[in-house]
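Today I opened my notebook to look up ring contacts. Here is what I wrote down as I went.

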Amino acid sequence: MVLALIAVLVFSYIAFLGMLYHETTNSKTPVWIAIGILVVVSLCCFGMSYGKAERNKFLGKGVQIALGIVIFVVLGLGAVPFTNFLDVLGKSKEIHENVEEVFNYASDLDNRYTEYANSRIKNYEYILTPEEEVTEESFLSTRTSNEQDYEISIKSQALRRIILPESRHSIVQGRQKWLDNSKEMSLWNVATPDNLRKLRSVVDSWIDDYRTLSSNGIEDESFEPFIEKNFSTSIDTCTAQFTHYHIPSVIAVLITIVVFGIILLPYFLTEPWEYGGDENNNEDRATKEFSWI
């Protein structure tokens, strides 16, 4: 019976994970469904085995059959998310590769914005530099006086404070720390499905933040805000298949059947009560055959 309870517990947890990968929002429904599977199957399995081992009119053949039907219905429904998670495990290598792709993109985003900002500041300094005709061919020189250099430096620093503020450093460090902590995510962790869903939205929000920051400027500056290509990654396609229930793989079906057999093993191994036999022998056998150990 202990082995069966462990099997039910494992089945419920895997089904719970399968529902989490299927969910597109933070919902408590998978928790209650998993608890329901654990409680209903455990009680029904106990009732079937106990009724078979003991002379109990209430838990006779009819009730045992009814409890068996309940078990198969519950396990059958639970097999849908159960196989869904097994398919997630089957795609683990692909998922990890796609997650790596997202992290590489996100990690380099700050550097790309820094390059954009430095290039924009340099262009602004060039615009501020007065042009001077020094030859008959109208060759342009960028030579300026000390006063002009000082004015350019002041405006350049002002622009830098606008599009590359000091507060950005702590934000970048926080992002990199989040990326480092999330990079090695385990598919067995209950937080992983939500983290996978957040990856795309988090990176998109970082791009929007940089676009908003770069929209600020100085009046005499001509510029284009930070433009990043639409962030798309194969992880969306990879994880999308788990957000709707689909035909499970053959391996997932075979594992499910094995788990079903383990859960129902105590009932099949329980010796039935022999009516008309020796009462003491029946009681001894029932005590021996029906055990939680």
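I began with a charge over a ring: Arg-112 lies over the face of Tyr-105, 4.5 Å from the ring centre. I noted at once that the model I am reading is a predicted one.

Then I turned to ring pairs. How many aromatic pairs does the count come to? I got eleven, with ring centres within 6.5 Å as the rule for a pair.

I picked Phe-11 and Phe-82, which form a stacked pair, 4.7 Å centre to centre with 20° between the planes. Phe-11 belongs to helix α1 (residues 2-22) and Phe-82 to helix α3 (residues 61-90), so this pair ties together parts that are 71 residues apart in sequence. I checked burial too: Phe-11 and Phe-82 are both buried.

My next pair was Tyr-13 with Phe-16, and I logged it as tilted: 6.3 Å centre to centre, 40° between the planes. Both residues lie in helix α1, three residues apart, which is about one turn of the helix.

Last entry: is Tyr-13 buried or partly exposed? Its relative accessible area is 34%, so I put Tyr-13 down as partly exposed. Phe-16 has a relative accessible area of 13%, and buried means under 20%, so Phe-16 went down as buried.

Key: Residues numbered from 1 in each chain as written. Predicted model: local features only at pLDDT ≥ 70, side-chain atom pairs only at ≥ 80, totals over all residues. Heavy atoms only, no water. Phe/Tyr/Trp six-rings, centres within 6.5 Å; stacked < 30°, edge-to-face > 60°. Helix = DSSP H or I, 4+ residues; strand = E, 2+ residues; numbered from the N terminus. Buried < 20%, exposed > 50% of the residue type's maximum accessible area, 1.4 Å probe, protein only. Lys NZ or Arg CZ within 6 Å of the ring centre and 35° of its normal.
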